[in-house]
Amino acid sequence: GEGSQGCRRVLLKLSGEALMGDQSHGIKPEVLDYLAGEIRAVTAAGVETGLVVGAGNIFRGMAGSASGMDRSTADNMGMLATVINALALHDALERHGVAARVLSALAMPTVCEPFSRQKAFHHLAKGRVVIFAAGTGNPYFTTDTAAMLRALEIRADLVCKATRVDGVYDQDPLRNPNAVRFDHLSFQEVLSRQLKVMDSAAISLAMDNAMPIMVFDMMVAGNMRQAVSGKQVGTLIS
Ligand code: UDP
């Protein structure tokens with residue numbers, strides 16, 4: 001369960017932009033190494049770990065459709081881009097001694113395993129990190145929604161949303177120095193204040209199924225490990 005007990009199984013959501021570091025796009029090897037080390041600390045604590053990664057560092061469907069592309073085609077491109085990030089994370093984890101598997105919502109069996117819940121449970125039980133690639137496998141969704149969906153499917157105790165700020169604020173803290181940070185928010189508050197945490201589909205899914213979310217700064221070493229052991233390292237939404 002949530003709170004101070006810590007969790008047995010976590011779903012960690014990384015945005016694509018999390019992988020680019022100070023670059024304008026792409027994947028920064030140093031950031032991959034850092035994240036692999038942080039995730040290793042989580043698995044070393046005995047917490048079963050699922051991972052969902054976005055693709056904002058490579059391609060977003062909305063950007064494609066804004067420039068005239070068919071939205072569904074652009075979203076397929078975005079989902080394929082998440083597979084690139086998933087493979088990069090898989091490689092980094094294995095190099096850091098963390099067993100991991102990629103399960104893709106779009107079947108590409110020569111590259112990684114097609115997603116099935118049974119396979120996810122199998123790998124998790126063996127202590128492997130499961131990286132869920134290709135989002136939900138459907139256009140018009142986001143990887144935030146995919147993260148929530150997979151979290152519910154694997155019965156995770158907590159969704160950890162790793163960001164580059166230390167929680168959820170009432171306004172953009174990078175633009176407004178007077179922005180106020182929340183320690184705790186309800187799902188309803190996130191929706192009614194239209195706070196930019198996860199998209200509304202993901203928050204609705206979390207609310208309907210009482211899945212708590214911890215939003216925290218992933219660049220503070222140890223935060224991920226603390227979050228899964230029930231420490232309040234950012235904003236808790238429940
Ligand atoms: N996407 C999709 N269906 C999904 C998940 C993702 O079509 O279930 C596409 C969509 O085009 C999205 C892109 O993949 O823009 C990358 O995902 P997202 O924008 O969530 O990445 P993040 O913002 O986390 O980097």
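Is Arg-60 buried or exposed? Select Arg-60 to find out: with 20 other C-beta atoms within 10 Å, Arg-60 is buried. (Buried means that 20 or more other C-beta atoms lie within 10 Å of a residue's own, exposed means 12 or fewer, and partly exposed is in between; C-beta atoms are placed from the backbone.)

Before going on, note that this is a predicted model, in which local features need pLDDT of at least 70, side-chain atom pairs count only at pLDDT 80 or more, and totals for chains, interfaces and linings use all residues. Residues are numbered from 1 along each chain as its sequence is written.

Stay on Arg-60, in the loop between β2 (48–53) and α2 (61–66). Strands (E, at least two residues) and helices (H or I, at least four) are DSSP runs, numbered from the N terminus. Leaving out residues up to four places away in sequence, Arg-60 touches Ala-55 and Gly-78; contact means C-beta atoms, placed from the backbone, within 7 Å.

Next, select Lys-13 in strand β1 (residues 9–14). Lys-13 counts as buried, with 27 C-beta neighbours inside 10 Å. Beyond four places in sequence, its contacts include Val-52, Asp-144 and Lys-161.

Now select strand β3 (residues 100–104), where five of five residues are buried. Ala-100, Val-102 and Ser-104 point one way, Arg-101 and Leu-103 the other. β3 runs parallel to β5 (residues 129–133), joined by five bridges; strands pair if DSSP finds at least two bridges between them. Leu-103 stands opposite Phe-132 in β5. Two bridges join β3 to β4 (residues 113–114), also parallel, and there Ser-104 has Pro-114 as its bridge partner.

Methods:
Contact = placed C-beta atoms within 7 Å.
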